[in-house]
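Thanks for coming. Please have a look at it before I go on.

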Amino acid sequence: MDDILNRLARCVEYGKTDKAASYPPDMKGQDGADELAKQALEQGIKPDEILEKSLVLAMAAVGDRFTRKEIYVPQMLMAARAMNAAMKHLKPYFQSGETKRKGKFIVGTVAGDLHDIGKNLVAMMVEGGGWEVIDLGTDVSTEKFLKAIDENPGAVVGLSALLTTTMENMKKTVAAIREKHGAMQILVGGAPVTMDYCKKIGADFYSPDPQGAVNYLRQFGA
Amino acid sequence: MGTERVFSIDFSQLDLTVRKIENMTGDQDGASSGILTDLIAEALDEASLMCSVKAEYRIFNGVTFNPAGKTVSIDSTSFDISKIVYSQIRKSTAIAIFLCTAGQEIGTASGAAMKEGDLLKGYLFDIIGSEIVEAAADLMQNSLHKEMNASGLGITNRYSPGYCGWNVAEQHKLFSLMPGNRCGIALNESALMSPIKSVSGFIGIGGNVRFNPYTCSFCDMKECIYRSRRIKPAAAK
Ligand code: B1M
């Protein structure tokens, strides 16, 4: 069992999507994440074990290497592509409720701001960390955040902003969430955001990169 | 107000190469796998067919610097340009205000690719869009430089609201001095420009100003990708 899960993790970490994929060159012709996830299920390995003992570990390794600047965004995205190829086989189990995710993570770029790349990377890595992600997109109003929180009790919320002007809107949204939902966990990020600002506006955690958010989330959820 | 110039820039003039885009992804040594370089080449080809790149500048001759407040007045609009920008342009006798955009298409293509689940393609379009607008601004700046040189004047680097402590909200004032807005850029309440791949700013002009090739050291954004990727800021050749 460990062997196939290790091989699957390696495929995800290095972005080997399926057998036909020529990337990475040293894994050419070998089974990829697609085939190995399918084989793991056929071998009777439980979907949550595949997720926890292989995919989540692989994505955490990817996130850590990105934080250490050993790899860059494209390599991270190739890993995500391989992760998705494996997840395709696990999705039916999540949908039927047989396998549970760690929790729900609502994420969006705040009102007035259209930057989405950073937010998308965070969403992708949190999903890779075993969470269900509800991506509200960009230019998300406070009302839209509040509605999503109402619809998903117990979720954690993440806000992204890339301009100092839209950080003001982040502040307003955080205040409105606090007023309505008290102690719920709020994460913030984006190029001009800092830990000081996070504290000042009453959010719980700031991370300069996606993996920091994933690591912080480990203490919450199932 | 003095000269106004509008540029419609062809993609081929931008001189964007796979290597340049690769560099912006973080790969400075060109060690990317073949698949990535192929994807960049493909995305560049697609981008070349979709972009409507535009730039414009207007030269304002009546500028007054206020050393106490670190402000500059242009046509009776006062800009609070921050200490850093002030020190770089204070010797200017005129200021060119510029706008530049890669157009809406590349941002739309990036968003569409991401929505379809192809995050990598979406990301490459995003980087290409950023490089397009920077390269277009370089071309616009080079043209201004040539024009000023011919009259014995020099120019400074480009400085934009939002950088180096200059409040991004000052873009509202900047746009008010560009009523024609030939680039068709919209500014929202938060001072965000649409198309997203757009830039705005000032270039100082004068007999006693100079272009500084290394500006990253002035900026307080220590984690900026331009700094970590050792990209030289646009040089006025
Ligand atoms: C919930 O938890 C979390 C946790 C982590 C989270 C998170 C949420 N959200 C993000 N993260 C984190 O994880 C991600 C992955 O590591 C990261 O996400 P990012 O989105 O930061 O990172 C992306 C993956 C890659 N990064 C980027 O795509 C942005 C890179 C930088 C260099 C940048 C670029 C490339 C551009 N820009 Co400009 N730009 C800058 C940026 C400085 C920087 N960050 O290095 C920034 C954002 N820009 C700035 C400015 C001022 C501007 N830019 C402008 C223009 C441009 C370009 C067009 C040239 C280009 C593209 C912009 C675009 N939006 O597509 C202008 C605005 C454009 C507009 N449409 O309004 C303009 C206003 C300048 C002007 N007047 O022309 C600054 C904003 C600061 C401020 N004062 O508001 C800026 C921080 C640069 C700086 N040195 O100060 C982390 O922040």
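What distance separates the centres of domain 1 of chain A and domain 2 of chain A, taken over C-alpha atoms? The value is 26 Å. The domain assignment puts residues 1–100 of chain A in domain 1 and 101–222 in domain 2; such bounds come from an automatic or database domain assignment.

A word on the source. This is a predicted model, where local features need pLDDT of at least 70 and side-chain atom pairs count only at pLDDT 80 or more, while totals for chains, interfaces and linings use all residues. Residues are numbered from 1 along each chain as its sequence is written, chains are lettered from A in the order in which they are written, and side-chain values use heavy atoms, with hydrogens and water left out.

Domain 1 of chain A and domain 2 of chain A bury about 1300 Å² between them, 69% of it on carbon and sulfur atoms. Buried area is the accessible area (1.4 Å probe) that two parts lose on being put together, summed over both.

Across this interface the rule finds one salt bridge, that is, a side-chain nitrogen of Lys or Arg within 4 Å of a carboxyl oxygen of Asp or Glu. A:Glu52 forms a salt bridge with A:Lys102, and their closest N and O atoms are 3.4 Å apart.

On the side of domain 1 of chain A that touches domain 2 of chain A, two or more residues each come from helix H3 (47–67) and helix H4 (73–96) of chain A. Helices are DSSP runs (H or I, at least four residues), numbered from the N terminus. H3(A) gives the most to that side, with 11 residues.
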